[in-house]
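Please keep the sequence and the structure in view while reading.

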Amino acid sequence: MSAIGSKARRDQIVHLATTTGLASVDELSQLFGVTASTIRRDLAKLTTDGRLARTYGGAMALSAHPEASLRQRTGEAFEAKQAIARWAADQVRPGETLLLDAGSTVGALAHELRTAEDVTVATTGLTALQALADVETVHVECLGGTLRPLSQGFVGPLTEAALERMTFDRVFLGTDGISPELGICEADLRQTRLKELMAARADHVYVLAHAAKLGRRPFHTWTPLGEGWTLVTDVDADPGVLEALRAQGVTTVVTEPQRHSVAPV
């Protein structure tokens, strides 16, 4: 294919993803005659604009898959999620009671907590339950409720009623997207309502979101951001979005996947 401008190339990438399904970085690089790094930048831009959803090694059309399943999301931004999870686990102290959301990044945190000592974990996510089910040093509480198969998380009035009986030292939330103006974006109104209630029951609130989710607005239900919350993301995060979040009173932490450390912000 002859060389074309970046806007036209991105439009064609969206068309290919919509008509043929999954678009891989390597295939797109060969098709358009550009480097893999150029394609990754294209996919990052299209994801931020809400036109595509990132997957491990490529992207898929939002119109064909309005909400990716937890299984599909698990491989996305794997190293970034691991770095975020390690930083989050380092904040936990013995004797604390934690609340874990559903989602792949929070699920990675649950795996990191397998070595925790004298910790209570309450969760709305099956991934966290599975990660901690056989850990004797972690006391696990399942909040129950109605299971959403796509997110593998519990929602609804039973979950909300269980929350009313507990308070937490720290809550770790996942998200489908985060906007400085609107807050945390989710596919289901029950999820946004639940996240708001979860945040209200904890002393410290953390949102775990890799860089591709910053500035995204893939759906139309929202949880407002609270002043004093902490966003934990990775080094690919858009500096403009981070600055806008800080202006809203949100603390931002940027993790470095390769060195497993935290970059100053």
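## Basis and terms

Two strands are taken to pair if DSSP finds at least two bridges between them. Helices (H or I, at least four residues) and strands (E, at least two) are DSSP runs, numbered from the N terminus.

The model is predicted, and local features need pLDDT of at least 70, side-chain atom pairs count only at pLDDT 80 or more, while totals for chains, interfaces and linings use all residues. Residues are numbered from 1 along each chain as its sequence is written, and side-chain values use heavy atoms, with hydrogens and water left out.

## The three-stranded sheet

Strand β10 is joined by three bridges to strand β11 (residues 183–186), and the two run antiparallel; within this pairing, S179 lies opposite G183 of β11. The sheet to which they belong is open, has three strands in the order β10-β11-β13, and is antiparallel in its pairing. Because β10 (177–179) and β13 (221–223) each have a single partner strand, they stand at the edges, and one side of each lacks a neighbour in the sheet.

On average, and with direction ignored, neighbouring strands of this sheet are turned by 35° against each other; axes here are lines fitted to C-alpha atoms, for helices over the stretch in contact, and angles run from 0 to 180 degrees between N-to-C directions. Helix α9 (residues 189–200) packs on the sheet and touches β11 and β13, its direction making about 5° with that of β13, where contact means heavy atoms within 4.5 Å.

## Helices α2 and α3

The axes of helix α2 (residues 25–32) and helix α3 (residues 36–48) come within 9 Å and cross at roughly 110°. The two helices are therefore roughly perpendicular to each other (angles under 35 degrees count as roughly parallel, over 145 as roughly antiparallel, 65 to 115 as roughly perpendicular and the rest as oblique). The residues that make the contact are V25, L28, S29 and F32 on α2, with A36, I39, R40 and L43 on α3.

The axes of α5 and helix α6 (residues 104–112) come within 8 Å and cross at roughly 55°, which makes α5 oblique to α6. In this contact, K81, Q82, I84, A85, R86, A88 and A89 of α5 meet S104, T105, A108, L109 and E112 of α6.

The structure holds two aromatic pairs (rings of Phe, Tyr and Trp, the last by its six-membered ring, pair if their centres lie within 6.5 Å; planes under 30 degrees apart count as stacked, over 60 as edge-to-face and the rest as tilted). One of them joins W87 and Y206, whose ring centres are 6.1 Å apart and whose planes are at 65°, so the pair is edge-to-face. This pair links distant parts of the chain, with W87 in helix α5 (residues 78–90) and Y206 in strand β12 (residues 202–208), 119 residues apart.
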